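Welcome, and thanks for taking a look at this one with me. Here are a few notes to read alongside the model.

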Amino acid sequence: MPPKFKRHLHDDELTGSVRSERRNLLEEDSDEEEDFFLRGPSGSRFGPRNDKIRHVQNQVDEVIDVMQENITKVIERGERLDDLQDKSESLSDNATAFSNRAKQLRRQMWWRGCKMKAIIALVVVVLLLVIIIPIVLKYHT
């Protein structure tokens with residue numbers, strides 16, 4: 001993508017070397033106030049100010065470190081949450097399978113109980129018939 005603004009050099013503009021020479025001349029001839037604008041705050045006059053700047057920079061660095069740690073912790077927490085979600089889905093699937101199997105087993109045991117009751121009832125009926133038929137035949141004849 002081409003740059004939005006193009007700079008066209010004209011013959012009357014200063015080239016890089018001429019600019020640096022002009023700046024050097026300005027720096028040599030400048031007083032203390034102009035020095036500030038050309039070189040930035042420095043010297044004994046700005047000592048306490050530099051300490052404040054360093055102090056603020058140290059605080060900014062500490063905040064950056066804390067934020068990086070926080071971001072790392074959030075990422076780790078997200079990973080743990082993903083693992084926890086996978087485990088909970090697995091437990092849910094296992095619980096559903098267990099519930100279905102328990103229902104099947106309950107039906108099987110109910111049918112087994114019904115079969116046992118039917119067999120016992122049949123045996124009792126046969127025993128009663130075996131006992132009652134000879135007695136009835138004996139008194140009937």
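1. Let's start with the overall layout. This is a predicted model, and its secondary structure consists of 3 helices and 0 strands. Going along the sequence, the pattern reads α-α-α.

2. Next, how confident is the prediction? The mean pLDDT of the protein is 79, and 65% of the residues reach at least 70. Among the elements, helix α3 (residues 47–140) has the highest mean pLDDT, 93, while helix α2 (residues 32–39) has the lowest, 54. Residues 5–15 have a pLDDT below 50, and this stretch makes 5 contacts in the model beyond near neighbours in sequence. Please keep in mind that where pLDDT is low, the predicted coordinates should not be read in detail.

3. How much of the protein is buried? Of its 141 residues, 2% count as buried.

4. The record lists a "coiled-coil region" at residues 81–108. In the model, residues 81–108 are 100% helix and 0% strand, with 40 Å between the end C-alpha atoms. The record also gives a "transmembrane region" at residues 116–137. Here too the chain is 100% helix and 0% strand over residues 116–137, and the end C-alpha atoms lie 31 Å apart.

5. Now for the surface. Which residues make the nonpolar patch of about 1,100 Å²? They are I120, L122, V124, V126, L128, V130, I131, I132, I135, V136 and Y139. One of them, V124, lies in helix α3. V124 counts as partly exposed because its relative accessibility is 42%, a value between the cut-offs of 20% for buried and 50% for exposed.

6. Finally, a look at charge pairing. In general, side chains of opposite charge can pair when their charged atoms come close. The structure holds 1 salt bridge. D51 forms a salt bridge with R54, and their closest N and O atoms are 3.0 Å apart. Where do D51 and R54 lie? Both are in helix α3, 3 residues apart, which is about one turn of the helix. D51 has a relative accessible area of 45%, so D51 is partly exposed.

Notes: Residues are numbered from 1 along each chain as its sequence is written. This is a predicted model: local features need pLDDT of at least 70, side-chain atom pairs count only at pLDDT 80 or more; totals for chains, interfaces and linings use all residues. Side-chain values use heavy atoms; hydrogens and water are left out. pLDDT is the predictor's confidence in each residue, from 0 to 100. Helices (H or I, at least four residues) and strands (E, at least two) are DSSP runs, numbered from the N terminus. Contact means heavy atoms within 4.5 Å. UniProt positions are given in the numbering used here, feature names are shortened, and annotations may be inferred rather than shown by experiment. Buried means under 20% relative accessible area, exposed over 50%, partly exposed in between (1.4 Å probe, protein chains only). Patches are made of residues with over 30% relative accessible area and no salt bridge: like charges are joined within 9 Å, nonpolar side chains (Val, Leu, Ile, Met, Phe, Trp, Tyr) within 5 Å. Accessible areas come from the Shrake-Rupley method with a 1.4 Å probe; for residues, only the protein chains shown count as cover. A salt bridge is a side-chain nitrogen of Lys or Arg within 4 Å of a carboxyl oxygen of Asp or Glu.
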